[in-house]
Amino acid sequence: MRDKLSDREQKKQADKYAEQLQKMASVDSWTLKAFSDEISQSLSSWRMKIPGMSNVQQVKAVKEQQKIIEAIKVEVGENGTAADITALGRKEKLKISLRSDVSIQDMNMLIKQFQSMDVMHKVLRQRKLAGKDIPTDEQGVKALIHKEGKTALTREQKQTMKKARSKSAMRGMR
């Protein structure tokens, strides 16, 4: 009985993930609004509304992410893109950090997550426009991004990633 319930739950999650990927591929551009909607959707799950059914730490993390996103929206606008967020300077990031009452490190982690999802969106969008299949599971998406991710990036994004890698390599040498 438990196996059937577990299998059914896994099937539902897999279907929901595939649906989210299709939805992401259908969006013209990945904006803060789309990102916020994606995060809000995880909060609106029926499990999150039943006391004891949701992971309290997970709920706190999602709510914190929402606070950061709302603060970023004030700074760059609701339709802010990865390029807009990448262009934020130290002062703007400090304002966002103070407005959302989170550390700059937490905010930078969310920004990196947003940028990663932007790359994923671009790869999925290219495939959809080309009439190619879109993966339905997480492993398929990871393999696809590894294979086609660089073709979806702009020159500026490639340079930004290269700088970030060199900065992290320099930190590792200290």
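Okay, let's start at Leu124, which lies in helix 7. By helix I mean a DSSP run of H or I with at least four residues, a strand being a run of E with at least two, and both are numbered from the N terminus.

Quick housekeeping. This is a predicted model, where local features need pLDDT of at least 70 and side-chain atom pairs count only at pLDDT 80 or more, while totals for chains, interfaces and linings use all residues. Residues are numbered from 1 along each chain as its sequence is written, and side-chain values use heavy atoms, with hydrogens and water left out.

Back to Leu124. Is Leu124 buried or exposed? Its relative accessible area is 0%, so Leu124 is buried. Buried here is under 20% relative accessible area, exposed is over 50%, and partly exposed is in between, with a 1.4 Å probe and protein chains only. Leu124 touches Leu21, Met24, Ala25, Ile134, Pro135 and Leu144, if you skip residues up to four places away in sequence. Touching, or contact, means heavy atoms within 4.5 Å. Also, the C-alpha atoms of Leu124 and Gly149 are separated by 9.7 Å, and those two are 25 residues apart along the chain.

Stay on helix 7, residues 104-129, because Asp118 lies there too. Asp118 counts as buried, at 5% relative accessibility. Which residues is Asp118 in contact with, leaving aside neighbours within four places in sequence? Those are Trp30, Ala82 and Gln157.

Now zoom out. The chain has 9 helices and 0 strands, and along the sequence the pattern reads α-α-α-α-α-α-α-α-α. Of its 174 residues, 31% count as buried. Take the contacts with a separation of 6 or more: 70% of them are between residues 24 or more positions apart.

On to helix packing. Two packed helices are described by the angle between their axes and the distance between the axes. The axes are lines fitted to C-alpha atoms, for helices over the stretch in contact, and angles run from 0 to 180 degrees between N-to-C directions.

Helix 7 and helix 8 (residues 138-152) have axes that come within 9 Å and cross at roughly 90°. That makes helix 7 roughly perpendicular to helix 8. For the wording, under 35 degrees is roughly parallel, over 145 roughly antiparallel, 65 to 115 roughly perpendicular, and the rest oblique. On the helix 7 side, the residues that meet helix 8 include Val119, Val123 and our Leu124, and on the helix 8 side they include Val141, Leu144 and Gly149. The residues of this contact split into 8 nonpolar, 3 polar and 3 charged. Nonpolar covers Ala, Val, Leu, Ile, Met, Phe, Trp, Tyr, Cys and Pro, charged is Asp, Glu, Lys and Arg, and the others, Gly among them, are polar.

What about helix 6, residues 90-100? Helix 6 and helix 7 pack at about 105°, with axes 9 Å apart, and are therefore roughly perpendicular to each other. Lys93, Leu94, Ile96 and Ser97 of helix 6 make the contact with Ile104, Met107, Asn108 and Ile111 of helix 7. That's 5 nonpolar, 2 polar and 1 charged.

Asp101 has a positive phi of about 60°, although it is not a glycine, and it is exposed, at 65% relative accessible area.

Last stop, the largest pocket, at about 1400 Å³. A pocket is an open set of points, on a 1 Å grid over the protein atoms alone, where a 1.4 Å probe fits, with protein on both sides within 12 Å along at least five of seven lines; lining residues have an atom within 4 Å of a point. Points are joined across faces, edges and corners, and the volume is the space filled by probe spheres set on them.

Of the 35 lining residues, the closest to the centre are Lys112, Gln115, Thr160, Met161 and Ala164. Which helix gives the largest share of the lining? Helix 9, with 11 residues. Helices 5, 6, 7, 8 and 9 each supply at least two. By type, the lining divides into 11 nonpolar, 12 polar and 12 charged.
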